[in-house]
Amino acid sequence: MNAIRLYRFALSGHCHRAELMLSLLGLPYEAIDVDLKAKEQKTAEFLRRNPLGLVPVIEDGATTVADSNAILVYLATRYDTTGRWYPREAAASARIQQWLSLAAGPLAFGPAAARVIKVFGAPLDWDRAAMIAADLFGHLERHLGNRDFLASEHPTIADVALYSYTAHVPEGGISLAPYAAIRGWLARIEALPRFVPMGKSPIAA
Ligand SMILES: N[C@@H](CCC(=O)N[C@@H](CS)C(=O)NCC(=O)O)C(=O)O
């Protein structure tokens, strides 16, 4: 098959989520860096790929998919012949969707927002982001207290969706030290065959 094109910003957790899925599935891909500082994502050419002007976007032959969670759903549905990454049984599929919703909501407004403030100087409210992160991590910690992965006994796209911004939250000035179960889960994901890390940013003081 031809390489899938991944339009990305290397320090974005949303983009890492897509790249991690491509890698875990063993798919050939070509990463194309989009210069967010130069607003390349808002050019007419890029807006044809994603009218929202955001990365990540993938192009797989004639198919273009924008939005990190949509990319996970697409890749697992199209390429995972085992059906394990995105189980389609009704209750299992609903559990996955619950985690994707948390990834698009509290994960983005909590851990990801705290990091974008500390690493990129975004004019957002760090205290609010830290509060949302604490609520989310409390839930994750309790959930992972007696299971290895989020939505099944094996890893699924739910784990991929939550991984990147959770692992990199110390860059946002939030410690993972109080969360042993979360740290164990991150280590299990990092031990998966073909895991690829996201580039580290300096940890805020
Ligand atoms: N819901 C989107 C969010 C993507 C997103 O926020 N991308 C950021 C990078 S992390 C972006 O492209 N920012 C550029 C901009 O806001 O112009 C997804 O899951 O892909």
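A crossover is right-handed if, with the strands pointing away from the viewer, the path from the first strand over the helix to the second runs clockwise. In the predicted model described here, strand 1, helix 1 and strand 2 form a β-α-β unit of this right-handed kind. The two strands of the unit, strand 1 and strand 2, are paired in the parallel sense through five bridges, and within this pairing Tyr-7 has Ile-32 in strand 2 as its bridge partner.

The unit belongs to an open sheet of four strands, in which the order is 2-1-3-4 and the pairing is mixed. Strand 2 (29-33) and strand 4 (63-66) are the edge strands, each of them pairing on one side only. On average, and with direction ignored, neighbouring strands of this sheet are turned by 20° against each other. In contrast to the parallel pairing of strand 1 with strand 2, strand 1 (residues 4-8) and strand 3 (residues 57-60) are joined in the antiparallel sense over three bridges; here the bridge partner of Arg-5 is Glu-59 in strand 3. Helix 1 (residues 13-24) packs on the sheet, where it touches strand 1 and strand 2, and the direction of helix 1 makes about 160° with that of strand 1.

Turning to the helices, two packed helices are described by the angle between their axes and the distance between the axes. For helix 4 (residues 90-104) and helix 5, the axes come within 3 Å and cross at roughly 45°, which makes helix 4 oblique to helix 5. In this contact, Ser-101, Leu-102, Ala-103 and Ala-104 of helix 4 meet Pro-106, Leu-107, Ala-108 and Phe-109 of helix 5. Classified by residue type, the contact of helix 4 with helix 5 comprises seven nonpolar residues and one polar residue, with no charged residues.

Helix 5 (residues 106-120) also packs with helix 6 (residues 126-143), at an angle of about 135° and with the two axes 8 Å apart. This geometry makes helix 5 oblique to helix 6, and the crossing of the two helices is left-handed. On the side of helix 5, the contact is made by Pro-106, Leu-107, Phe-109, Gly-110, Pro-111, Ala-113, Ala-114, Ile-117 and Lys-118, which meet Trp-126, Ala-129, Ile-132, Ala-133, Leu-136 and Phe-137 in helix 6. The residues of this contact divide into 13 nonpolar, one polar and one charged.

Notes:
Residues numbered from 1 in each chain as written. Predicted model: local features only at pLDDT ≥ 70, side-chain atom pairs only at ≥ 80, totals over all residues. Heavy atoms only, no water. Axes fitted to C-alpha atoms, helices over the stretch in contact; angles between N-to-C directions. Parallel < 35°, antiparallel > 145°, perpendicular 65-115°, else oblique. Left-handed = near helix turned anticlockwise from the far one by under 90°. Contact = heavy atoms within 4.5 Å. Nonpolar A, V, L, I, M, F, W, Y, C, P; charged D, E, K, R; others polar. Pairing = 2+ DSSP bridges.
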